Structures are given as C-alpha cells and as structure tokens.
Amino acid sequence: MSASPTHPSEEPSSSSRSGDAAARLPGLADLPTLPLISQNQSTLDRLCTESLGPPSWRHRKRIEAQGLIALSQIAPRLVIRHLDLRTDLVAIVELRDTPVPCMRPGQSDFELADGALLAIRYPEAILVGPIPGTLPVRVLEPRDVFHSNVAYGERAPALCLGANVPRGFPLREIVLTAYGALTLQAISFDALDPAGVLNPQAASWYQANAARVPLTDVPFLGWREAASSRAGAGQGEDRR
Amino acid sequence: MPESSRSLFEEPTAASPVSWIEAPAPPPAISALIEGLDRGARQPKLIDGPADMAARLSACRVAVIGAGSIGQRVVDSLARVGIGGLWICDPRNTKPESLLTHPISPDEIDVPKALLAARRARAISPQTEVRYFPGAFESMPMDALVGASHVMIATDNLAAEVGVTQACIRLGLPQLQAAVYGPALVAQVRSLPADGQGAGPCTACGYLKRDWDDLDEGTRFSCDGPADAVPAPTARATMSFAHLCAISAELAVGELLRQLLALNVGDEPGVGSVLEFCGFHGGTTRTPLVRNLECPIEHQSWSVCSVEPSVAALTARDLGRIAGHDDLREVSIRVDRYCFASHTACGCETHGALDRFHAEGMPLPGPCPRCGAERVLHPLYTYREVPGGALAGQLDRTLAELGVSAEACVLVRGPRGSTLIRSAAKPVIARIALSAKPPLVDSSESRQEVTPQ
C-alpha cells in the first residue's frame, strides 16, 4: 500500500559520508541513470505492483517515483516518509536542515523552523496539461508558516509554486521548487502578481525586509555544515 | 485570504451552473412568425442522398464547444438545417472586439456567448433541443457529453481543446474541429471519427512542441483560487477576418452533413482527415490524419452505463460488479466532484477517521469532537480517485450512506477497462436517456443510442 524508501546512509552496506563527501556524490544531472540501492529498488518494485491506472500512467508513476527516491539518495536533506502509487502519486517527504519562516499569532518577527514535512500529490492530469500551482504541495509541518505563497493559519496549507505547474513537470523538480520557495530563494513577493499571493501580509513584510531573504543560500544538495542562515541567525527554533 | 475550511481538492465555488441549462424560449411574437414553417422547404433532394434525411438530422445532437467567431456560425447553420439537438458551451461574454469577427450586432455585446448562440438557435429552430453552459468545459461533469452524437470543437483555448478531445475519445464520440490561421488565410476542419476503441487520432495528436508550450504558457491559475480550479481563459484572441471564420464554420457543417447523410464518398472508414481552405489561392486540400503514438492523451474508450434509480443507491461492490471487476483491489473509483477521505487533520496527534465521500468545495461538518479545532481533509488520506483497497470496510455501504448525492456519476477504472456509471434519472440529460428506455444497466448507451441509423 505504501512504503518509506531508505536513505543510503541508513543502509548497512553504504559507505559513510565524511565532511567533503558531497564532492563525490552524483549531482542532479545523474538522477535519471542513478541506480537505486537494493532496498529502495525492491520497495519501488513492490509499490509498482499496486499501481493502478492506464499503462502509460503506471509507467510514468514508476519513473517519477524512481526519480524522487534517487534524489533522496543523493540529497541528505530529503527523507521520503511515505510513497503511494495506487492512484495519484502521493509522497510525504521531510526536508531537513531547511529554514522555514513561521510566525505565531501576535508576533512581529518570524522564527525559523529547521525543516518541513510536505505532502506532495502528483496527479495524472499533469500528463496532458498544466496543473494549478497550489495543487501539488501541502505543508504538513511546521504550522503557522509565514510566507507569501502559503495561506496563513490553515491546517496543511498549500504552497503555491506559481501560476501553473507545467505539463509533465517532474516530481523531483517539484521537490526542488518547494525547497527554493520555502527558503525564499525563489518566490514572488509581489501582491500585484497576476498569479496572486496567498498571504499578502507576508508579501508586504518581506518586501519591507528584503535583506532578510533568502533564508539560506545553500542549494538543495548542500550540506548541513555549510548552511548559513542569513535571516534567522540566533532565531532558529525547531518548532515541529 | 482563503477560508481555512477549504478542502484539498476544492472545485470552483462560484454560483455558476454545473451542467447544461435549457435555452430560453423565444418571445411569443417571434415564435408566431415562424409557426407552421415547413422545415424542408429549402432542403435539396440530394443525388444518391438518403431518403430519411430529415430523420437523420433530427436524431443528431451536436455539442458545440466554443461559441465565438466560428462556433456561433456553426450553431446558426445547424439550427437552420433542423438539427435535433445543440449543446453549446463557452465561458466568455461577447465584447466590443467581437463585432469584428462574430456574427453579432452591437446590442449583443457583453452577453454570454453560449447564451447568445443558444437563444438564436432556439429562435431559428424551436423544435431543436438547445442547451447551453456559460462556463469552462473543464468544469463540467464527466458525463457532460453523454447523449451527444457529435462534438464540434470551435475553441481557441488549448486547455479546453485538450479536455474536449479527451472526453470525446473516452465517450467514443466523433469530433470535428474547426479553426483558422489568419496570417496564412487558412481555414481548416479536422474530422476525427470514433472507432469505439479510442485508437483513432485526436486533435492533440497533431500538436507540435510549440502547441504544447503554448498550452503551458497560456494556462494560468490564480494563486488564491481553488487548488483544482479550471484555468483562467487566455487573453489570446482569434486573429482573422470574419469571412475566414465563416468559411471554417461552414466547412465544418459541411463535413458533419457528409458524415450524417453518408455523403462522404471516398473516405476511408475510421480514418480522420483535415480539410483546408487557403485564402491565397482559393483552393481546398484534404489530408488523412493518423494517430500520433506519442500523444499524451489517453486513447482508450470507456463503457457507459445508466442505472436506476441512482448511482447513490449502489455500493462500491455493486460498482465493481457492473464494471466487470470482482476484485476491488485492482480498481479505482472516482465519484465526480467528490473526494474520498479516510481521515481528517485537526489539532490532535492522531488523525480522526472520516471514511466518507466529501463534496469538493464544501467545508467539513463541525470541529473535531476531541480537540475542538477545525478539521480539514488530510492530504495523505484523501483521494480524488480512490483505490478500491482504501474502501475496505465500506464496500457494502451505499454511496448515499457514504455522502454521495443522487446526481453523481462514477468512473470505475480497472485492468479490463473503464466504465462510467451514471444515474438514468439525471436532470436534463435524463430526457435523452428516457427516450431510449435504458435497462437497469446498459453498457453501451452512448454509442448505440446516438448513432444515426
């Protein structure tokens, strides 16, 4: 029904990482050909036996799931908590070491959560056309995210990725885009943006505090040790 | 800011209609003018034409998607030949620029195009069953085209075009697509027959990379809109002379009549074609169309069943049986405009069980009885298309008991094909079904009912 793929560091046979291990790791360009570790491969194979829908959609789900698992193998910050290929492809992923701005009611400045738990839905409709930018990603944790593209105060709010998510946009790219959005590396603060913003108050706040963004300039495949939080120094607090 | 009660798969919540509307009757004074008109007074006796021409025409129900510079004219012409039914869909209103290409007068500006076309068709041909839908085709129910015999695609909105052609393939409906390319003075009509399997070409089979890029770039959703909203119509307008639009429309009507009246001499059965008129040299060419195996559209037809009294009276097990699947673990079930939620999220550590179908766009009833917080559908446990395995424990409860209303239609997909199951007593569309006296389960309703004899 569902499964949680394993990170290579959790597999006994995988080599341990040292501080400069990033240099030896494959990059994003290697993902399509990156072999999955045996446990992940068998998990994926089992999930695919439960996959429903037309052959083309089942095939696509396998490719997207493989890409996501491969990404999790090379990205220390990405942990797949759950994967379901039965109808829509649904993944619950954890982004570790990812600064996420949160603001409790009544506060005037944001705090940084140290990661996020996201529910990602990859629907069959993306095969034939763009889907709404608010459809694929929901933020399960942390709560009270203070972000121009996240509706404030909702439970499991959507993270808007833009005016649309293009046809065939890969699942792993959705994860990368979500990371860029949550850390304010790539996001719109323009309340007059035709696509709109989900939290105009946050958009105005960040426009007035432009020096606080991005929250980190560490790329997705970057290491925890290299993380430098520009805005949240001294404010980082794991609120999950 | 959106309300916190918004669901994961919210549909547009505007007070717009959700399906076809009967066209208004013309004023009595207008009706009186044409009362007693002989509808065959101007119809030619065709060489080797069918003897039952009028019957064939009155048995035909054409859905016209797009009622702009081409679609309005298609509707007009089909009403004048006494077509049996016209279903007209267009989300937009006329605007001043519409005067330049549409067959409208200045006093018809800022009127829903679908309504305008429907009103005129009804006035021209009162016996024609005319319906309209002043919204986006993508927001219509899955069974919106069930009962139509042909579909005329006359929209310049690529997202709508893809949606319509997909629906036609699924429901086994022959399609005609009328379009113009202004700079080259080209009017073209694609004829895409239905082969019952979905193996023939669709409009998207001819798309180039540029078209798919246009689809991506031209499809915009509002960030604060519903998660599953239909896209805002693109601002791109048809750039053409009015006469070219008229030529395209009349060529399309001509192609439809060729099919209806079996005048398509020389056409290879089941093979599509594109008929092109070029305004520079004034000639036409016809080219065969074949399916593009790279086309991302699902080229597979559904079976269509009508049940009495309603789908909501059936259990999931019944649905599987009707669709020919005894093992529900190998099927998925989609109830149109509903999602199935097994759990909700609130302030509690553990997620509360729901195990119901939930109407999209509706808030969940009441707060969590334990923590008092407002509940939302949990993204992980909410399915628009629910795997049969997720319904375990609910297999013998009727859909009504699980929260589904009587008008809903259901799609069951499994390894042996897909089946659309709908209520025979559904408003508006039911009138067509009643004429065919469907049995409890009629697995080939759409194709058998509408094919002209």
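This briefing covers cores, aromatic pairs, a helix, salt bridges and a sheet in the structure above.

The model is predicted: local features need pLDDT of at least 70, side-chain atom pairs count only at pLDDT 80 or more, and totals for chains, interfaces and linings use all residues. Residues are numbered from 1 along each chain as its sequence is written, chains are lettered from A and ligands numbered from 1 in the order in which they are written, and side-chain values use heavy atoms, with hydrogens and water left out. Over all chains, the structure holds 11 aromatic pairs and 27 salt bridges.

**Nonpolar cores**

- A nonpolar core is a set of buried Ala, Val, Leu, Ile, Met, Phe, Trp, Tyr and Cys residues joined through side-chain atoms within 4.5 Å. Buried means under 20% relative accessible area, exposed over 50%, and partly exposed in between (1.4 Å probe, protein chains only).
- The largest core has 63 residues. Those touching the most other members are A:Leu68, A:Leu78, A:Leu83, A:Leu118, A:Leu159 and A:Phe220.
- Helix H3 (residues 171-182) of chain A gives the largest share of this core, eight residues. Helices (H or I, at least four residues) and strands (E, at least two) are DSSP runs, numbered from the N terminus.
- A second, separate core has 43 residues, including B:Leu57, B:Ala114, B:Tyr132 and B:Ala249.

**Aromatic pairs in chain A**

- Rings of Phe, Tyr and Trp (its six-membered ring) pair if their centres lie within 6.5 Å; planes under 30 degrees apart count as stacked, over 60 as edge-to-face and the rest as tilted.
- A:Phe110 and A:Trp205 are edge-to-face, because their ring centres are 5.4 Å apart and their planes stand at 65°.
- This pair links distant parts of the chain, 95 residues apart. A:Phe110 is in the loop between strand E2 (89-102) and strand E3 (111-122) of chain A, and A:Trp205 is in helix H4 (residues 200-208) of chain A. Both residues are buried.
- A:Phe146 and A:Tyr206 form a tilted pair, with 5.7 Å centre to centre and 45° between the planes.
- A:Phe146 lies in the loop between strand E4 (137-141) and H3 of chain A, and A:Tyr206 in helix H4 of chain A, so the pair ties together parts 60 residues apart in sequence.
- A:Phe146 is buried at a relative accessible area of 3%. A:Tyr206 is buried at 1%.
- Ring pairs link A:Phe110, A:Phe146, A:Tyr152, A:Trp205 and A:Tyr206 into a cluster.

**Charges over rings**

- A charge sits over a ring if NZ of Lys or CZ of Arg is within 6 Å of the ring centre and within 35 degrees of the ring normal.
- The charged end of A:Arg77 sits over the ring of A:Phe220, 5.9 Å from its centre.
- The charged end of A:Arg167 sits over the ring of B:Trp212, 4.1 Å from its centre.

**Helix H7 of chain B**

- Helix H7 (residues 242-260) of chain B has 19 residues. From first C-alpha to last, H7(B) reaches 27 Å, close to the 27 Å expected at 1.5 Å a residue. The expected span is 1.5 Å times one less than the number of residues.
- The buried residues of H7(B) include B:Leu244, B:Ala249, B:Glu255, B:Arg258 and B:Leu260.
- Just after H7(B), B:Ala262 takes a positive phi of about 55°.

**Salt bridges**

- A salt bridge is a side-chain nitrogen of Lys or Arg within 4 Å of a carboxyl oxygen of Asp or Glu.
- B:Asp52 bridges to B:Arg56, with the closest N and O atoms 3.0 Å apart. B:Asp52 is partly exposed at 31% relative accessibility, whereas B:Arg56 is buried at 18%.
- B:Asp143 bridges to B:Arg422, with the closest N and O atoms 3.0 Å apart. The pair links distant parts of the chain, 279 residues apart. B:Asp143 is buried at 0% relative accessibility, and B:Arg422 is buried at 0%.
- B:Arg413 and B:Glu298 meet in a salt bridge (3.6 Å, N to O). Both are buried.
- Salt bridges that share partners join A:Glu124, B:Arg170, B:Glu298, B:Glu385 and B:Arg413 into one network.

**A sheet in chain B**

- Five strands form an open, mixed sheet in the order E10-E18-E17-E11-E16 (chain B). Two strands pair if DSSP finds at least two bridges between them.
- The edge strands are E10 and strand E16 (386-387) of chain B, and each pairs on one side only.
- Four bridges join strand E11 (residues 332-335) of chain B to E17(B), and the two run antiparallel.
- B:Ser332 stands opposite B:Arg413 in E17(B).
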